[in-house]
Amino acid sequence: MSTQPILLITRKLSKNTEIRAAETYDVRLNPEDKLYTPDELLQKCQDVDAVLPCHSELFSADMVAMLPERLKIIANHSVGLDHCDLAALKEKGIVVTNTPEVLSDATAEISMLLMLGAARRASEGDQLVRSGKWEHWSPSFMVGTQVTGKKLGIVGMGRVGQIMSKRARGFDMEVHYHNRTRLSSELEDGAIFHEDLDSLLSVSQFLSLHCPATPETTGFFNQEKIALLPDGAVFVNTSRGALVDEEALINALKSGKISAAGLDVYLSEPGGNPALASLDNVFMLPHIGSATFETRDAMGFRALDNLDAYFAGKEPNDRVA
Ligand code: 8YV
């Protein structure tokens, strides 16, 4: 009989991750990459020592209450933790970890892509050429907003925000940010701090969200906050859909208050919001911020590093509960 800890991996992860996991653990894989229902997830968790889930598996307080005593650690394959009720997990004595740092470059790349794509009307242009309906050209055709030299507001200056700031400076953007605490001047690297979120919004010709979804931030980007932006601002979100009042965003995109949006995340996933999808001035991707080959390996390895530390009796580096 195997003495290796039993590890449930809820989704199909990178090949390298699954190979490495099988060297140390008695792994339960999901080769079909089926999204488990809450009942199936609970069932699969019954006789395992550890779970390596993605943000697609919800560990609500109700779910946590039904988890078995045997389950000791949830090593997330995500930096976001809004799918986990951390207080409930902590109370139950289940260790929780995440995967910070390793996905910051990939996510900042997608933020840049969305910012450029929204401002320069990428989905409209792509659609036009692809559909075979591109029948004329003129200097007044598909004119967009120039990115170079504009003011970029960043909400949440963690690792992704800092890399976004660096990349945006490559486009000569003037970077402003709001964060719970001001960064050191070395980390700020010229970015202008706004202690007050409203003050940041009032200067943000481009606005990009890089903060986690918590009870405090949920729905913060609402009609009142949108009204503070300069007219015609461009909005980018690669963080979480829960930060946004989507109805208010749709109204602003229709009125032109927000001239364009680049979105990778939505209130409802998978699927997104059909009302947003009906607007030409939205450039949309299906939550692929961290989806690069390099980053998928790095996320999987980081989650395994946390598991290995735990089962070696050490403190996992990325312990959050
Ligand atoms: C991941 C994410 O794709 O890490 C996060 O919080 O939202 C994404 O980058 C996803 O969580 C993978 O499990």
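Two strands are taken to pair if DSSP finds at least two bridges between them. In this predicted model, strand S7 (residues 174-178) and S8 meet that condition, pairing in the parallel sense over 2 bridges. Within S8, Phe193 is the bridge partner of Tyr177. Helix H5 (residues 104-119) packs on the sheet, where it touches strand S6 (151-155), S9, strand S10 (233-237), strand S11 (258-263) and S12. The direction of H5 makes about 150° with that of S10. Helix H7 (residues 159-169) also packs on the sheet, in contact with S6, S7 and S9, and its direction makes about 170° with that of S6.

The sheet itself is open and consists of 7 strands in the order S8-S7-S6-S9-S10-S11-S12, with parallel pairing. Strand S8 (192-193) and strand S12 (282-284) form its edges, each pairing on one side only.

Ser204 is located in the loop that runs between helix H9 (197-203) and strand S9 (206-209). Ser204 counts as buried because its relative accessible area is 0%. A polar atom of the Ser204 side chain lies 2.7 Å from the backbone oxygen of Leu200. Beyond residues up to four places away in sequence, Ser204 touches Lys151, Gly153, Leu229, Pro230 and Ala233.

The model contains 0 disulfides. Cys45 takes part in none, the nearest cysteine sulfur being that of Cys84, 11 Å away. Cys45 has 0% relative accessibility and therefore counts as buried. For Cys211, the closest cysteine sulfur is in Cys84, at 18 Å, which is too far for a bond. Cys211 is likewise buried, with a relative accessible area of 9%.

Key. Residues are numbered from 1 along each chain as its sequence is written. This is a predicted model: local features need pLDDT of at least 70, side-chain atom pairs count only at pLDDT 80 or more; totals for chains, interfaces and linings use all residues. Side-chain values use heavy atoms; hydrogens and water are left out. A disulfide is a pair of cysteine sulfur atoms within 2.5 Å. Buried means under 20% relative accessible area, exposed over 50%, partly exposed in between (1.4 Å probe, protein chains only). Helices (H or I, at least four residues) and strands (E, at least two) are DSSP runs, numbered from the N terminus. A polar contact is a pair of N or O atoms within 3.5 Å; within protein, one must be able to donate a hydrogen and the other to accept it, and residues adjacent in sequence count only if both atoms are side-chain atoms. Contact means heavy atoms within 4.5 Å. Axes are lines fitted to C-alpha atoms, for helices over the stretch in contact, and angles run from 0 to 180 degrees between N-to-C directions.
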